[in-house]
Amino acid sequence: MLKKWFGKTETLPISESFEERVQQATQHTVPTHIAIIMDGNGRWAKKRSLPRVAGHHEGMKTVRKITRFADRLGVKALTVYAFSTENWKRPKAEVEFIMKLPQEFLGDFLPEMIERNIRVETIGEPEYLPKHTRLALEEAIEQTKHNTGLVLTFALNYGSRAEIVKATQNIATAVKNGVLAVEDITEETMNAALMTAGLPEPELLIRTSGEVRLSNFMLWQLAYTEFFFTDVLWPDFAEQHLLEAIESFQGRDRRYGGL
Ligand SMILES: Cc1cc(N2CCCCCC2)n2ncc(-c3ccc(F)cc3)c2n1
């Protein structure tokens with residue numbers, strides 16, 4: 001909004017109410033860990049008669065935008081579902097394009113993430129990613145491993161059922177080797193065996209584009225998570241939408257199964 005003042009135009013703040021809402025949100029419990037299923041990239045492109053990869057590229061920019069805002073709000077962990085084990089079924093050219101996004105993202109944003117004390121992590125099976133993708137990821141993880149701020153975790157070639165099977169195999173091996181007694185297996189044993197070991201459980205899950213399902217994402221970890229589903233397509237997801245999801249979270253009465 002522009003206001004004429006002594007012939008000089010100046011842009012008023014985007015919205016005083018937005019800034020007030022940000023202040024309000026940060027006075028209450030901001031979710032420690034937010035997980036996001038970033039859906040709607042292909043549809044965003046199709047609506048604009050653009051190739052699907054244009055939606056993925058725009059979606060990558062949204063990851064940067066939302067990471068900055070989550071960091072500003074004091075979120076401790078942000079986990080984003082960037083590529084599922086099922087995504088390999090997409091056309092070869094689309095997968096090849098998507099697999100170049102980590103390098104582009106890090107090339108542009110890694111210096112700022114280091115400046116912001118953000119730590120980069122990944123969950124999934126990186127061994128099946130192209131070498132250039134894996135190297136970019138490993139470099140970012142190495143360069144940020146001592147950071148103590150927001151933990152930004154990319155779920156890449158990730159599937160929750162495969163994660164649980166792998167964790168179960170490792171626990172069974174520990175029992176077989178006499179390192180662990182069956183009666184000592186607890187929920188904590190599983191938490192420690194999963195790829196998300198060390199992360200707090202997500203308090204808020206956001207899924208964009210109107211889809212209402214988990215798509216094999218963090219099935220164990222989301223047991224007590226609040227869900228926020230929005231029709232907004234991921235490339236259109238902006239600070240106002242994250243703020244809306246957090247305000248919704250703050251308005252809920254979390255009981256963890258109790259009364
Ligand atoms: C495979 C993939 C897809 C990907 N999309 C953009 C977001 C929408 C969902 C699919 C496409 N994005 N966006 C950022 C990354 C990324 C991954 C690792 C990393 F260290 C830095 C950035 C990414 N990776």
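## Basis

Residues are numbered from 1 along each chain as its sequence is written, and side-chain values use heavy atoms, leaving out hydrogens and water. Because the model is predicted, local features need pLDDT of at least 70 and side-chain atom pairs count only at pLDDT 80 or more, while totals for chains, interfaces and linings use all residues.

## Strand 4

Strand 4 (residues 77–84) is largely enclosed by the rest of the structure, because 7 of its 8 residues are buried. Buried means under 20% relative accessible area, exposed over 50% and partly exposed in between, with a 1.4 Å probe and protein chains only. Helices (H or I, at least four residues) and strands (E, at least two) are DSSP runs, numbered from the N terminus.

Strand 4 runs parallel to strand 3 (residues 33–37), joined by 5 bridges; two strands pair if DSSP finds at least two bridges between them. Ile34 stands opposite Leu78 of strand 4. Strand 4 also pairs in the parallel sense with strand 6 (residues 151–158), over 7 bridges, and Phe83 has Leu156 of strand 6 as its bridge partner.

## Glu125

Glu125 lies in the loop between strand 5 (119–124) and helix 6 (131–144). Glu125 is partly exposed, at 26% relative accessible area. Not counting residues up to four places away in sequence, Glu125 touches Leu156, Asn157 and Met195; contact means heavy atoms within 4.5 Å.

## Helices 3 and 5

Helix 3 (residues 52–73) packs against helix 5 (residues 101–115) at about 25 degrees, with the axes 11 Å apart. Axes are lines fitted to C-alpha atoms, for helices over the stretch in contact, and angles run from 0 to 180 degrees between N-to-C directions.
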